[in-house]
Amino acid sequence: MERFQSFCRGFGNSVPLGISAFLYGLAYGVLAYQAHLSAGVALAMSMLIFAGASQLTAVQMIGSGIDPLPIVVTVFIINLRHYLMAASLAPYLRGYPRAARMLGAFFLTDESYAATYSHFQTQRPTIQYFLGSGICLFCFWCAATLAGYYGGNFIPARWSSILDFAFVAAFIGMLVPLVRNGPVVLTVVTAALVSVLGSIYLPGKWYIVIAALIASAVGYLAERRGVKPEASRQAACSNTDRTGAVDEAGWG
């Protein structure tokens with residue numbers, strides 16, 4: 001029962017993010033329609049790839065008639081940040097069955113990562129919460145794909161700027177509560193500066209990974225210099241370690 005409650009909590013807490021993802025997903029559905037993809041192919045991409053930025057980029061490249069190989073390479077580069085997010089969550093989920101962690105990895109998105117990581121800072125980490133958050137986003141994203149595909153052209157043009165900003169606003173809302181100490185402030189500022197400069201001067205999407213790596217290094221060095229250690233994360237990890245033996249036999 002506790003596992004189900006944790007799953008429901010992850011699902012429920014992610015609904016607001018799912019709404020913002022839905023608005024973002026409408027844009028993907030519209031682009032898929034304009035690229036002359038069938039509804040089945042558009043939905044299959046959402047169900048199998050399940051990565052918003054990658055899908056938006058891929059469908060625009062498909063619409064421009066670009067060959068498959070550059071599309072695959074571009075999508076791979078954009079999704080490299082998932083390695084970093086997965087590595088960040090891994091210490092919290094140590095002790096859970098590998099199959100459960102792999103399933104959770106499939107549902108890992110920017111939104112589910114932010115919701116899960118934020119939750120793990122103050123509550124006991126569970127794989128059920130992680131899965132609940134990811135599946136919530138998955139449902140909203142797939143529904144948005146079809147809604148955008150069949151009804152996106154009926155959205156007034158003046159709403160487009162609002163939809164574009166919904167995704168950014170959601171991430172700002174998720175980020176602000178996590179900025180609690182010096183190292184995190186330095187990490188956020190560094191990531192913002194490198195991302196903006198990289199998007200202007202670097203080709204492709206490499207700036208995403210480069211900004212993440214540089215900002216992570218800056219945050220790590222700042223913490224090592226004793227600005228303020230992140231005690232809450234260590235406490236959360238200790239919780240996971242203590243429950244790990246139980247979770248090996250089940251999911252919590």
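Among contacts in the protein between residues at least 6 apart in sequence, what percentage join residues at least 24 apart? The share is 82%, where contact means heavy atoms within 4.5 Å.

This is a predicted model, in which local features need pLDDT of at least 70 and side-chain atom pairs count only at pLDDT 80 or more, while totals for chains, interfaces and linings use all residues. Residues are numbered from 1 along each chain as its sequence is written, and side-chain values use heavy atoms, with hydrogens and water left out.

**Overall architecture**

The protein has 13 helices and zero strands. Helices (H or I, at least four residues) and strands (E, at least two) are DSSP runs, numbered from the N terminus. Of the 252 residues, 42% count as buried, a term for under 20% relative accessible area with a 1.4 Å probe and protein chains only; over 50% is exposed, and the range in between is partly exposed.

**Helices α11 and α12**

Two packed helices are described by the angle between their axes and the distance between the axes. Helix α11 (residues 182-201) and helix α12 (residues 206-224) have axes that come within 8 Å and cross at roughly 155°. That angle makes α11 roughly antiparallel to α12, the term for angles over 145 degrees. Axes here are lines fitted to C-alpha atoms, for helices over the stretch in contact, and angles run from 0 to 180 degrees between N-to-C directions. The crossing of α11 and α12 is right-handed, meaning that the near helix is turned clockwise from the far one by less than a right angle.

Residues of α11 including Leu186, Ala191 and Val194 meet residues of α12, among them Ile210, Ile214 and Val218.

**Cysteines**

A disulfide is a covalent bond between the sulfur atoms of two cysteines. The structure holds zero disulfides, counted as pairs of cysteine sulfur atoms within 2.5 Å. For the two cysteines tabulated here, the closest cysteine sulfur is too far for a bond.

| Residue | Closest cysteine sulfur | Distance |
|---|---|---|
| Cysteine 136 | Cysteine 139 | 6.9 Å |
| Cysteine 142 | Cysteine 139 | 7.3 Å |

Cysteine 136 is buried, at a relative accessible area of 0%. Cysteine 142 also counts as buried, at 10% relative accessibility.

**Serine 54**

Serine 54 belongs to helix α4 (residues 52-63). With 1% relative accessibility, serine 54 counts as buried. Leaving aside residues up to four places away in sequence, serine 54 touches Val75, Ile78 and Asn79.

Technical notes. Angles under 35 degrees count as roughly parallel, over 145 as roughly antiparallel, 65 to 115 as roughly perpendicular and the rest as oblique.
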